[in-house]
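Colleague: Before we open the file, I would like to learn how to read the strands and sheets of a model step by step. Could you take me through them?

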Amino acid sequence: TAGIFEEERKRALPAYVQKIGVITSLKGAVIADFSNNLKQHGFNVKMIDSRVEGQAAVNDLLASVKTFKKKDIELLVIMRGGGSLESMQAFNNEYLVRELAGFPVPVLTGIGHHKDEPLAAMAADKSVSTPTAVANIINQPWMAAGFLLKESRKDIFDNYQEVLREADNLIVRTTNLASEAKNLVREKYKKIENQFFSGLQNFKHIISSQQYFLENNFKVCLAGFDALLLRVSQAVREYNRMVRLNNPKRQLELGYSIITRGKTIIKRVKDVKIGEELKIRIIDGIINSKVKDFNKLKEKDNG
C-alpha cells in the first residue's frame, strides 16, 4: 500500500461534472439525502445497489467498482450512512483500496467516521463524512458558475442600460444640433435672399442709368463706326492696289518671264550650270530649255 494514501497521488475532482457513478445501498436513507441535496444541473447519475456493511459487503463493492470501470462516467461516488467501526470493515479491504486507488476517474467517498477513517476513504481522491457533503461538493462549482452567470447577466443588463442612456443622450444632442443647424441654414438663406433682392434692385438701377447713356451716345457711336468703316475701305483699296502691282502674272503680261529649276527660281547667272534643264514661264505657257552657254553682264550693265 506504499504511496496509495499520499496526497501527491490524489487527483482533483472535475469542476463541472455531469456523468456520475454512485455505489451505495438503495435501502437506507443515504440515497434520499444525496438526491435531495443534489441540485438539478443536468447530472446523469448511474447507481449500483450494493451492500455497504461488514465483510459480506466486500464482494458487492468490488463487483460494483469493476462494473463502473467499463462505464462512461466522470466521477465515482461511494457512500454509506453512519455505523459502528465494526460495520465499516468492508471499506478496509486491501483489494477494494487498491481498486479505488487505480480507478480511471477521480473517486469521492462519503463513508463517515473521521475519527476512525476507513482505508477506502483514505485512498479516495476526496473524502467527506456524509452523503449531504458529497452532494454539496458536486454542486459547488455549478452553483459558483450560476452565481457568476447571474453577476455577468447583471453586468450585461447594466451595461445595456448604460448604452441605452448614452444613446438617448446622443439622440437628444443630435436633435438639438439638427435644430440649430436648421435655424442657421434658414438665417443664411434669408440673408442670401435679401442680398439677392438688394443686388437685383441695384442691377435694375444700373441698367436704367446705362439705358439713358446709350440712347444719348448712340448717334456718336454710329458716326465713329462710319468713320472707321471709311478708313478700313481705304486701306483695303490700297492693299488691293499693292497686291495687283506685285502680282507675278502682271510682270509676265509686261514681257517678263520666270525661270525655275525644279522649285527654285533662278535670279542670277551663277545659279545655273551648263547642261541643266530649266523651265521658262511666260504669260501663255512654259518653255523647257537646256543651258548651253551663258554670259555674265558687266557691273556697269547691271546698274
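Predicted model: local features only at pLDDT ≥ 70, side-chain atom pairs only at ≥ 80, totals over all residues.

Colleague: What counts as a strand, and when do two strands pair?

Modeller: Strands (E, at least two residues) and helices (H or I, at least four) are DSSP runs numbered from the N terminus, and two strands pair if DSSP finds at least two bridges between them. Here β1 (residues 19-24) is joined to β3 by four bridges, the two running parallel, and L76 in β3 is the bridge partner of G21.

Colleague: Which order do the strands of the open five-stranded sheet have?

Modeller: The order is β2-β1-β3-β4-β5, with parallel pairing. Because β2 and β5 (126-128) each have a single partner strand, they stand at the edges, and one side of each is left without a neighbour in the sheet. Neighbouring strands of this sheet are turned by 20° against each other on average, direction ignored, where axes are lines fitted to C-alpha atoms, for helices over the stretch in contact, and angles run from 0 to 180 degrees between N-to-C directions.

Colleague: Is β1 mostly covered or open?

Modeller: Buried means under 20% relative accessible area, with a 1.4 Å probe and protein chains only; by that criterion five of the six residues of β1 are buried, and the strand is mostly covered. β1 also pairs with β2 (residues 44-49) in the parallel sense over six bridges, with M47 in β2 as the bridge partner of V22.

Colleague: Which helix lies on the chain's path from β1 to β2?

Modeller: The path goes through helix α1 (residues 30-37), and this β-α-β crossover is right-handed, meaning that, with the strands pointing away from the viewer, the path from the first strand over the helix to the second runs clockwise.

Colleague: How are the strands of the open four-stranded sheet paired?

Modeller: The pairing there is antiparallel, and the order is β7-β6-β8-β9. Three bridges join β6 (residues 258-261) to β8 (residues 277-282), and T260 stands opposite K279 in β8.

How values were computed. Residues numbered from 1 in each chain as written. Heavy atoms only, no water. Buried < 20%, exposed > 50% of the residue type's maximum accessible area, 1.4 Å probe, protein only.
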